[in-house]
Every structure is written in C-alpha cells, then in structure tokens.
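Please look through the structure below with the following explanation at hand.

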Amino acid sequence: MPPLPDSAALARYVAEAEKALGLEIDPAWRPAIAEHYRRLLEAHELLESSGVDLSAVEPAVRFEP
Amino acid sequence: MSAQWLDAVAIAQAIRARRASALETTGAALHRIEQENARYNCFTEVLAAQARRDAARVDAEIASGRDPGPLAGVPFAVKNLFDIAGVTTLAGSKINRENPPAQRDAFVVSALRRAGAILVGALNMDEYAYGFTTENSHYGPTRNPHDLSRSAGGSSGGSGAAVAAGLVPVALGTDTGGSIRVPAALCGVFGLKPTFGRVSRGGTALFSASVDHVGPLARSVRDLALAHDLMHGPDAADPSCSAREREPVEPVLGEGIAGLRIAVAAGYFKEHAEPQAIEAAERVAEALGARTRVSVPHAVEGRAAATIITAVEGAGLHLKNLRAKPGEFDRLTRDRFLAAAMLPGAVYARAQAFRRAYRDEVARLFDSIDVLVAPTTPISAPTIGQELATLASGTFPARAHLGRYTIPFSIIGLPVISVPVPGFDLPRGVQLVAAPFREGLLFRVASFLESRGIAAFAPPP
C-alpha cells in the first residue's frame, strides 16, 4: 500500500475541497474531517492492493433506461 | 408468562379467539411505554390516540365475525425513518423536524397494519442511520434494557431496545452495514436483514441507496417469519425491489436442518473479538453439527468498499444540507459525511467495481455450503460514550468495530438472521448467512436453534 498523505497535507486538501464544494466548515471540525478522509483513503488503498483487477469489472451500479 | 413477554403470534391468537381484546392489549402496551420509556429512551413519538382507534376497529371487526389478519391487535413500532401518515419522518435528525408530515405510510408499515397490527409509535436511531450505537445528540442515547449504562446498538437501537424491554413484540428497522443485526445482538433479540431487494423500501428515508435493507426485530423466530412473510414481495414503486414472486418462510419453520450444509466462518470472523463472541458462534456451530470451517474471501476489502460506498452515497444525499446548515447535523454524522463529500468520484466507482467482484467470489462459496455461521458483533454492548474497545489483539474504535462482522455480508446483499445466544453476562448474537433469496434456509436453522434452546430471547434483569 503506498504511503498516505501526512496530516498537514490532508488538512490542506480538506481546506481546498471545502472551497471547491462550497462548504462552510468550522475550522474546529477540520481535524476530525481530515481523519475520516484519511480512513476513506486507507479503505481505497486496501481495494487497490487487493489483487482484484478492478479495471476488468463493471461497477455494481444498476441503471435501467 | 406475563403478557408483556408474549410474542406477536400468541397475542394475535388470543385476540382472534376473543381471550383478549385489541384495545386492552394496546392500552397495556401504551401504559408500559408511558411508564418505562424514560429509562430506555426508545420512542421519539407515541401514537396513543391513533393506536386506540385502530385497536377498537380490530375489536369491532372480530365482533362482527371478520378476521382482521394474522397480526390482529399486535402492537408494533418502527424506526423513525419509516413514513407514518400524518407524522414528520425524522430519520434521527434535527433538520428533518421542519419537513411536512408524511402523506402515507411506508410500504412495510402499511403491510403490517393491513394485517391487523397496531402502530404505537416511532423509535430512536442514529442520525440518518449512520452509526452503530444510537447515541443521538438531538434525541439522546437509547439505553440497553440489559444494562442502562450501555448502548442498545444501532442504528435501529430504539427498535432493539423496545423489543427487548417488552414494550412491543415486533419492531421494524433498516440495515445498511448492520443496523438491524447489531442492535438485535446487543439487546438479545432476533433480527432479520433480508436479501437486498426482498423487502420494499418505499416510504423509507434512505441512507445509502445501493445498500439499504428493511427488516424486522422480534423475540421469537415465528414472529420474525410472520413479519417477513407479510412485508416481502414486489413493489413497483421501489426501483430496488425485486420482482421475484413471494416466498413465504412460515411453512418451512419446522423442516429442521437435515441435509443442510452448514459451515463456520473462520479467519476474519474470528479475529479481533472478545472470546465470548467466538464462543457464542461455536455453541451454535456445535448444536448444528457444523464442523467445516471456511474463509470468506476478501472480507477485509469488502468492509473497506462498504465504508466508501455508504459514506459517499450518504454524503451525496445530504449535500444540500451539508452546504446550507452543517452545524445542525450530529457531530458524529457530519464529519464523516463531509469527508466523504470531498472524495474523488473515481474512488467510489472503484469501490463499486470491487463490490461486484467480491459478490461473485462469495457466491462461489455458497456453491458448496447452504448456511454460514459467524458472530454478529466482536464485542458486547459498549457503554454509552465509549470511544475505544480494548481487546487482546489491540485497541479499536468501539463504534466502528461493532460493524466488523456484519458489513461484509450486507454490502453484497446476502440475507442474514442474527439469533440471540443466551448464557453470557451480556447479550450475544450469532449470524446465519445464506445465498441471495434463500431466507427459507435461514429460518429453518434459526427455528431449529430456538427449539433446542440454543437461540432464545432472555428478558432483561
């Protein structure tokens, strides 16, 4: 699994993402949000390192025209 | 047995045979709720007047020779994310208080009321169903009837506690990552998470659209079966609901387990748990003669995919309010939704791709077995406010750890019954898992375990 961004980088990302998404976040919430974001990235890296070829699989989202 | 602990089938039998009246039964349930709800904080709304009117109607039907249905006069309650006509659907939130009342009952609420059941109220839950402990900052925590200092589990914690406390015999909940099974296990009752698409979600406030399930909690297997039989089946109004024909399970309850291939989940499902959690599963396995051990491939990653999918779908659903009034969310919910809102879309797409591959792998496992046994939770009910769970193998975030064994099955929509296994200091639950749409097998096994006393509800002290 590749190394995840450090906490300072995550905090910067959260601040940038806030602006991009039009969110108004109390600065006091940012550390907790960054920690949750880190956990989501960890989950993603687990999938990427699972050995399953994800490019060969259609996402499990159904659309019926 | 005190009337408080009768199951729904027994109550309905007594009322249909005129040994009891629906009005008296409903009045007794409302009295218990009035007397005891403050201890547990299960109910967020009590529908006393409506319930008495409905009960009087059931009595009148019986008096005139008509059959009100198999749940005649049985009190029940629902997690407050199910629409109830005339009541605002809170979904555990403060934000939704401003919404207008629902115009009609949710599909499943309507199904049970048509069968004669009496809706007595709405039940507490984690905000927007995003949690495993029902520590709701707007409506307070729901307390476990077996130990008031502990959580009832979640997110259908009000449902688990109301059934375990004897306030109602049956309650409805929803399950995205374990939100029926976790409170069922922690409160010592039976809980069914049906196959994804088996039961309509019409009129239900969703958390994660591609993962949410609706199901019952009860104190007996036959009640769980009856609720399933009344609720399941096609609903054209719910795009996720399967068009499969109805497959009632009540007829198979007495069929026993002869010929069933039952295995115990090893590896991931024995790790990072209290010894009693493993012991509960082993007791069930021994009673079933299950000696085969199998590993669920990629269970760790299945849980990881679920973490991403549910967080992103929930964040998408609530993005407008996350922008407009983030301060009105529960802190535990808000921070996770906000983090998920910032996640690149490709991460979600990859998680959905993994989910399909994982589903196919686990499906192959069920080529050689019929039912899989696994603990429901690795730990018993944490105390309210408890942040960490310390086990021999390490320290874990207590709330998230409750879903360790349930999430890998719900993300691929498998049917699961959590059965209570008595004889421990605190309630313990064990999951019975089958291939999609094989609920009948689960009910055969659960009924067998109940008949042997291995699975049973035990009233709180």
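**Helix pairs, core and a loop residue**

H2(B) and H3(B) cross in a right-handed way, where a crossing is right-handed if the near helix is turned clockwise from the far one by less than a right angle, and left-handed if anticlockwise. The model is predicted, so local features need pLDDT of at least 70 and side-chain atom pairs count only at pLDDT 80 or more, while totals for chains, interfaces and linings use all residues. Residues are numbered from 1 along each chain as its sequence is written, chains are lettered from A and ligands numbered from 1 in the order in which they are written, and side-chain values use heavy atoms, leaving out hydrogens and water.

Helices here are DSSP runs of H or I with at least four residues, numbered from the N terminus. Helix H2 of chain B covers residues 22-40 and helix H3 of chain B covers residues 48-63; they pack at an angle of about 160°, with axes 8 Å apart. Axes are lines fitted to C-alpha atoms over the stretch in contact, and angles run from 0 to 180 degrees between N-to-C directions. H2(B) is therefore roughly antiparallel to H3(B) (under 35 degrees is roughly parallel, over 145 roughly antiparallel, 65 to 115 roughly perpendicular, the rest oblique). On the H2(B) side the contact (heavy atoms within 4.5 Å) is made by B:Ala22, B:Leu23, B:Thr26 and B:Leu30. By class, this contact of H2(B) with H3(B) has 8 nonpolar, 1 polar and 2 charged residues; Ala, Val, Leu, Ile, Met, Phe, Trp, Tyr, Cys and Pro count as nonpolar, Asp, Glu, Lys and Arg as charged, and the others, Gly among them, as polar.

A second pair is H9 (residues 299-317) and H12 (residues 345-365) of chain B, at an angle of about 135° and with axes 9 Å apart. That angle makes H9(B) oblique to H12(B). The crossing of H9(B) and H12(B) is left-handed.

The largest nonpolar core has 179 residues, and B:Val419 is among those with the most contacts inside it. Such a core is a set of buried Ala, Val, Leu, Ile, Met, Phe, Trp, Tyr and Cys residues joined through side-chain atoms within 4.5 Å; buried means under 20% relative accessible area, exposed over 50%, and partly exposed in between, with a 1.4 Å probe and protein chains only.

B:Glu328 lies in the loop between helices H10 (319-324) and H11 (331-341) of chain B. B:Glu328 counts as partly exposed because its relative accessibility is 30%. Leaving aside neighbours within four places in sequence, B:Glu328 is in contact with B:Lys94, B:Ile95, B:Glu127 and B:His138.

Technical notes
Helix = DSSP H or I, 4+ residues; strand = E, 2+ residues; numbered from the N terminus.
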